[in-house]
Amino acid sequence: MDQIKVEKGMAELKETFSSGKTRSAVWRKTQLRALIELVHENEEEIFKALHQDLGKHPVEAYRDEVGVILKSADYSLSRVEKWMAPKKGHIPLLFFPANGEVMPEPFGVVLIFASWNFPISLALDPLIGAISAGNTVVLKPSDMSPKCSSFLANAIPKYLDPKAIKVVEGGADVCEQLLQQKWDKIFFTGSQRIGRVVMTAAAKHLTPVTLEMGGKSPAILDVTSTSSNMKVVAKRIVGGKWGPCCGQACIGIDYVLVEDEHSSFLIGSLRRIIREFYGENPEESISLSRIGNKNNFDRLSRLIKDPLVAASIVHGGSTDEEKLFIEPTILLNPPLDSEIMTEEIFGPLLPIITLNNIQESIEFMNSRPKPLVIYAFTKDETFKKQILTHTSSGGVVFNDTMVQFICDDLPFGGVGHSGFGRYHGKYSFDTFSHEKAVMHRGFYPEIEPRYPPWNSFKLQFLRLAYSFNYLGLLLLLLGLKKKY
Amino acid sequence: MAEEEKKSFDENEAASLVKELRGNIKSNKTKSYDWRVSQLESIRKMIVENEKEIAKALYDDLSKPEFEAFISEISNAKSSCELALKELKHWMKPEKAKTSISTFPSSAEIVSEPLGVVLVISTWNFPFLLSVDPVIGAIAAGNAVVLKPSEISPATSSLLVNLFDKYLDKSAVRVVEGAVPETSALLEQKWDKILYTGSSRVGRIVMTAAAKHLTPVILELGGKCPAIVDSNVNLQVATRRIIAGKWQCNNGQACIGVDYVITTKDFAPKLIDALRKELEDCFGRNPMESKDISRIVSLNHFTRLERLLDEDNVSNKIVLGGQRDQNKLRMAPTILLDVPKDSQIMQDEIFGPLLPIITVENVKDSFDAINSKPKPLAAYLFTNDEKLKESFVQNVSAGGMLINDTILHVTVDTLPFGGVEESGMGSYHGKFSFDAFSHKKAVLYRSFNGDASIRYPPYTESKKKLMKALISDGIFGMLLALIGWSKD
């Protein structure tokens with residue numbers, strides 16, 4: 001894709017936007033319906049592409065991608081008109097007669113960068129937001145999930161309005177070309193390193209951005225209060241680590257914090273569940289995704305090659321380069337300054353870090369960059385409150401993992417290095433909208449004291465007016481208020 | 001203390017300042033309601049007890065008339081503070097969020113928490129308000145804050161240092177004075193949020209610096225705010241309101257001030273006559289001598305405005321005013337009629353007392369003229385035609401819009417104040433300020449009951465059907481799937 005093609009494509013999108021076509025609720029709903037149709041009619045093909053790119057099982061693919069998109073599109077479809085309606089803002093009596101409202105309007109031509117680990121949902125979910133808000137869109141799927149990228153490039157023009165929504169495939173060079181253009185908004189899901197590149201490019205054009213990045217999302221396990229539920233806890237931890245794309249998920253559990261005395265109990269429970277989910281030989285399990293690409297495989301292999309880290313492996317550790325397979329691996333207390341404990345793991349390696357007291361987990365997390373999500377398994381209400389008020393993260397989930405992703409009413413986004421901006425549900429609509437303040441006034445009555453030449457009466461009037469002291473104003477006007 | 005800060009504030013100083021503040025907020029002091037309220041009350045006291053000093057500083061910096069200082073800066077800052085005090089408890093409450101059957105049983109909420117240590121970079125034209133208002137938002141949201149006032153309004157900058165030192169908690173609220181080197185040193189640091197008010201050019205620099213640390217930013221920039229004047233209006237009222245939004249607003253040096261006017265060819269002469277008359281009523285026959293109008297802030301800006309005025313084919317379009325006095329940095333309200341579209345005065349944000357009037361055949365043509373320029377911070381329309389109003393709101397994009405008046409909409413705290421495209425990103429005022437400086441943390445509470453095994457591997461076809469039903473169809477679909485029926 002060369003520069004001229006990119007510019008031509010953008011020009012067409014600009015023209016479509018200027019025509020006003022995408023402003024109508026009818027157009028937006030038609031596109032959303034078409035998207036639902038696209039997913040319904042091509043489910044098998046999507047499953048196939050996800051399996052080819054990532055080894056995802058159709059159930060995982062449905063749960064994390066297809067189902068999410070169908071739900072999200074449906075949710076937006078039934079609410080978009082409500083979201084489009086201006087929101088009234090109360091105007092002080094002083095300005096009577098007046099009314100005020102906040103009117104959402106589309107930004108214009110927006111760019112969406114999708115990531116490779118959930119290549120369908122991380123492309124289409126933001127797209128749903130961009131369309132609901134009435135924008136024209138360029139969608140750039142990741143080249144590291146090529147089958148899904150090519151599926152989107154083929155299917156989207158068949159179902160959606162090709163003059164308003166375009167898919168651009170390619171690698172780093174295409175990303176660079178796209179980033180040179182002036183967009184009205186950029187939505188990016190991916191790594192912090194690229195997030196910086198995107199924001200720096202956006203700054204040249206004063207383009208607002210939403211950055212959905214990652215971090216090391218910890219799971220805190222308070223065994224004392226949850227020991228009777230350990231089976232479910234273990235299932236949810238295993239489900240939250242190896243379930244989503246074999247650990248390659250921004251909201252997946254990165255590492256676990258547990259008290260020293262309970263670590264063996266935890267490791268035992270996890271191993272049992274791993275066996276239950278993935279069988280004796282996980283390499284043959286169809287329920288476990290592969291490592292997404294050779295880059296990631298090499299990086300993960302390197303993490304456990306560090307001798308001090310390798311020595312801390314208590315379960316798993318085997319890898320198969322040809323199959324891009326890494327076994328579900330548990331490590332007990334790898335060195336805190338090793339790469340596996342300083343970088344986001346994004347793979348099937350689960351460090352368990354032990355503490356003397358589970359309360360120490362708060363300090364542990366606070367001394368590290370803010371994660372996208374904190375998972376806390378505890379029934380202790382005081383501890384829950386402490387975690388909530390003494391730590392910061394994009395979000396917090398108590399006693400489960402991953403499910404916050406399907407809550408349409410919860411904003412999904414990071415803080416600090418895990419990102420800024422948010423989406424899902426109405427937040428998607430908002431993230432792709434400019435909230436325009438609109439105020440209407442009449443010509444009467446006139447507030448004379450607004451205008452010079454100034455005198456102390458006018459000042460007194462304004463003092464009272466600006467503190468909405470209407471009685472005082474009345475008295476002043478009737479000549480009954482002292483002037484100071 | 002102020003002297004020491006003026007000596008040398010370099011990157012090392014900036015780094016240790018941020019480090020110190022981060023250390024100070026570890027105790028979560030600034031998170032507490034009590035701390036926030038005590039600071040806000042101190043700000044309110046600070047404003048009330050120092051009105052005269054504030055007005056004097058504004059006069060020293062801008063020759064701002066006392067009354068204008070009061071209306072546009074002091075009273076707005078005070079109201080902003082009072083609103084925060086009144087509403088803070090309510091703002092700080094977590095917001096309940098709905099959960100769906102797919103995550104049953106569960107409950108959810110959105111918790112507002114401070115971002116941490118934030119930077120407010122202020123500007124020179126409303127140097128008091130545009131410093132204190134964002135600081136109020138930052139404090140209300142529980143952050144530690146560093147304020148960098150503009151060096152182009154030195155009296156106000158220095159007053160802010162003294163006032164903050166006297167009234168506010170130094171361990172969390174600081175002022176750093178200086179110019180480009182000091183600002184650059186600050187921008188090298190990692191902030192949790194930056195709110196910048198100023199030009200688009202520097203806005204780009206701020207965002208680029210912020211990108212290194214993935215710091216979210218609010219940029220309050222400017223643009224050319226147009227005022228469309230239809231012929232079916234109460235001309236006197238419309239004219240006075242245009243004057244209020246131009247020359248009463250720091251003599252045109254305001255981001256939301258009326259930059260230029262668009263009206264029909266037929267109506268222009270009437271509008272110009274009305275402006276002539278009302279300007280005289282407001283500022284007298286000799287506006288250069290009027291005490292009720294600000295001066296131009298600096299020689300730089302004065303020469304910049306002169307350059308705009310003296311361009312070929314522009315200087316001969318002056319229909320009113322044009323007088324200037326470089327010594328006193330005074331420039332009279334000046335109106336120009338139909339300057340060339342490509343003239344500098346129609347490309348740059350004017351930020352001064354020069355008002356170009358552009359004429360069109362039909363008032364509807366004005367929309368295209370506006371849309372051909374970058375999106376402004378505000379757009380104004382004077383008309384009684386309801387259809388035109390609707391069309392204006394639908395078809396013109398701007399940060400905010402006001403129909404049949406100017407500038408007032410930014411005093412309404414239920415409306416967000418911010419730009420779009422070249423005029424900025426993000427917004428504040430009222431609760432929007434609190435939100436601007438908060439992280440909205442999503443919290444989901446789940447229990448151990450009702451663990452659906454369909455979530456977990458090994459994955460099977462029947463699990464897939466149930467999963468589909470649960471995610472897409474809610475409880476009925478799930479029940480049907482459980483007893484063996486499904487849509488497939």
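How much area is buried between chain B and chain A, and what share of it do carbon and sulfur atoms give?

1. The model is a predicted one, and the values below should be read with that in mind. About 9000 Å² is buried between chain B and chain A, and carbon and sulfur atoms account for 62% of this area. Of the area that chain B buries against chain A, 11% comes from L214(B), F448(B) and Y459(B), more than from any other three residues.

2. Counted by residues, the contact draws 109 from chain A and 104 from chain B. Polar contact between the two chains involves 43 residue pairs, with both residues at pLDDT 80 or more. On the side of chain B that touches chain A, 46 residues are nonpolar, 31 are polar and 27 are charged.

3. Seven salt bridges are counted between chain B and chain A. One of the salt bridges in the model pairs R240(B) with E448(A), where 2.8 Å separates the closest N and O atoms.

4. The chains also meet through strand pairing. Strand 18 of chain A (residues 433–441) runs parallel to strand 16 of chain B (residues 400–403), and four bridges join the two. Within this pairing, the residue opposite M439(A) is L402(B), which belongs to strand 16 of chain B.

5. Strand 18 of chain A also takes part in a salt bridge inside its own chain. Over all chains, the count of salt bridges is 53. In one of them the side chains of E105(A) and K436(A) meet, with an N to O distance of 2.8 Å. E105(A) is in strand 2 of chain A and K436(A) is in strand 18 of chain A, so this pair ties together parts that lie 331 residues apart in sequence.

6. Which strands make up the open sheet of six strands in chain A, and in what order? The order is 5-4-3-6-7-17, and the pairing is mixed. Strand 5 (165–167) and strand 17 (419–420) of chain A are the edge strands, each pairing on one side only. Inside the sheet, strand 3 (residues 109–113) and strand 4 (residues 136–140) of chain A run parallel and are joined by five bridges. V110(A) stands opposite V137(A), a residue of strand 4 of chain A.

7. Two cis peptide bonds in chain A deserve a look. One runs from F96(A) to P97(A), with omega near -5°; P97(A) sits in the loop between strand 1 (87–89) and strand 2 (98–106) of chain A. Another joins P452(A) to P453(A), with omega about 0°. P453(A) belongs to the loop between strand 18 and helix 18 (456–466) of chain A.

8. A further backbone point concerns F346(A), which is not a glycine and yet has a positive phi of about 55°. F346(A) is placed in the loop between helix 14 (339–342) and strand 14 (349–355) of chain A.

9. Two annotations come from an unreviewed UniProt entry. The "domain: Aldehyde dehydrogenase" annotation in UniProt covers residues 5–438 of chain A. In the model this span is 45% helix and 18% strand, with its end C-alpha atoms 38 Å apart.

10. UniProt, again in an unreviewed entry, puts a "transmembrane region" at residues 461–480 of chain A. Over residues 461–480 of chain A the model has 70% helix and 0% strand, and the end C-alpha atoms are 13 Å apart.

Conventions:
Residues are numbered from 1 along each chain as its sequence is written. Chains are lettered from A and ligands numbered from 1 in the order in which they are written. Side-chain values use heavy atoms; hydrogens and water are left out. Contact means heavy atoms within 4.5 Å. Buried area is the accessible area (1.4 Å probe) that two parts lose on being put together, summed over both. A salt bridge is a side-chain nitrogen of Lys or Arg within 4 Å of a carboxyl oxygen of Asp or Glu. A polar contact is a pair of N or O atoms within 3.5 Å; within protein, one must be able to donate a hydrogen and the other to accept it, and residues adjacent in sequence count only if both atoms are side-chain atoms. Ala, Val, Leu, Ile, Met, Phe, Trp, Tyr, Cys and Pro count as nonpolar, Asp, Glu, Lys and Arg as charged, and the others, Gly among them, as polar. Two strands pair if DSSP finds at least two bridges between them. UniProt positions are given in the numbering used here, feature names are shortened, and annotations may be inferred rather than shown by experiment.
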